[in-house]
Amino acid sequence: MAVRPILIIPDARLRAVADPIIEVDDEIKALAKDMLDTMYDAPGIGLAAPQIGVMKRIVVMDLAGEGEPPAPLVMINPEITHFGEQMQVTEEGCLSIPELYYEVERPNDVTVKYTDLEGKEVTKEAEGKLAVCIQHELDHLDGVLYIDYLSRLKRDRVIKKFDKAAKRAAG
């Protein structure tokens, strides 16, 4: 398929809310394949459609470790139905905010409901790294970035850095 360009902040599309997918058709299956190719090429462990400028509610991820076979996961119209009580702090990064990593606190476990590429409804319980990845990617569908969980000072510093870079690139 195709590796697509990944949007970088301050691109406004990263702050938009994605539209639900009505039907899992060939176009959506091709989009999922492109998203996986793009994510693997980056390389990253997750990617949401808005990150490649497609405003649809679909995310892909693969948390297979080095030397393990790929384990791609595609979630269409995902929705977290339960957040666990226990919190965890992990270092997060984002393909749309390259080369920056910050500690973020999120629930350690979640239950997510989504449609798979065959059009079947799936309910999945996740904990640890997978739960964090799911929350991070689903945030993208609602225009939320992981830096939104940081202190205002840190977030403003990140945004200012990328605003400057964008102006330099445009100038």
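Colleague: Leaving aside neighbours within four places in sequence, which residues is Gly-93 in contact with?
Modeller: In this predicted model, Gly-93 is in contact with Leu-100, Tyr-101, His-136 and Tyr-146, once its neighbours within four places in sequence are set aside.

Colleague: Which strand does Gly-93 lie in?
Modeller: Gly-93 belongs to strand E4, which covers residues 87-94.

Colleague: What about the largest pocket, how much space lies in it?
Modeller: The largest pocket holds about 500 Å³ of space. Its lining has 24 residues, and those closest to the centre are Ile-45, Glu-92, Gly-93, Cys-94 and Tyr-101.

Colleague: Which element gives the largest share of that lining?
Modeller: Helix H2 does, with 7 residues. E4, strand E5 (97-107) and H2 (128-141) each supply at least two. By class, the lining of the largest pocket has 10 nonpolar, 9 polar and 5 charged residues.

Colleague: And the second largest pocket, what is its volume?
Modeller: Its volume is about 190 Å³. Of the 13 lining residues, Ile-80, Phe-83, Gln-135, Leu-138 and Asp-139 lie nearest the centre. Here E3 provides the largest share, 4 residues, and the classes are 6 nonpolar, 1 polar and 6 charged.

Colleague: Changing topic, what caps the N-terminal end of H1?
Modeller: Asp-25 does, with a side-chain oxygen 3.2 Å from the backbone nitrogen of Glu-27.

Colleague: What covers the buried residues of H1?
Modeller: The cover includes strands E1 (46-48), E2 (58-61) and E3 (73-83). Among the buried residues of H1 are Ile-28, Leu-31 and Met-35.

Definitions and conventions. Residues are numbered from 1 along each chain as its sequence is written. This is a predicted model: local features need pLDDT of at least 70, side-chain atom pairs count only at pLDDT 80 or more; totals for chains, interfaces and linings use all residues. Side-chain values use heavy atoms; hydrogens and water are left out. Buried means under 20% relative accessible area, exposed over 50%, partly exposed in between (1.4 Å probe, protein chains only). Contact means heavy atoms within 4.5 Å. A polar contact is a pair of N or O atoms within 3.5 Å; within protein, one must be able to donate a hydrogen and the other to accept it, and residues adjacent in sequence count only if both atoms are side-chain atoms. On a 1 Å grid over the protein atoms alone, a cavity is a set of points where a 1.4 Å probe fits but cannot get out, and a pocket is an open set with protein on both sides within 12 Å along at least five of seven lines; lining residues have an atom within 4 Å of a point. Grid points are joined across faces, edges and corners, and a volume is the space filled by probe spheres set on the points. Ala, Val, Leu, Ile, Met, Phe, Trp, Tyr, Cys and Pro count as nonpolar, Asp, Glu, Lys and Arg as charged, and the others, Gly among them, as polar.
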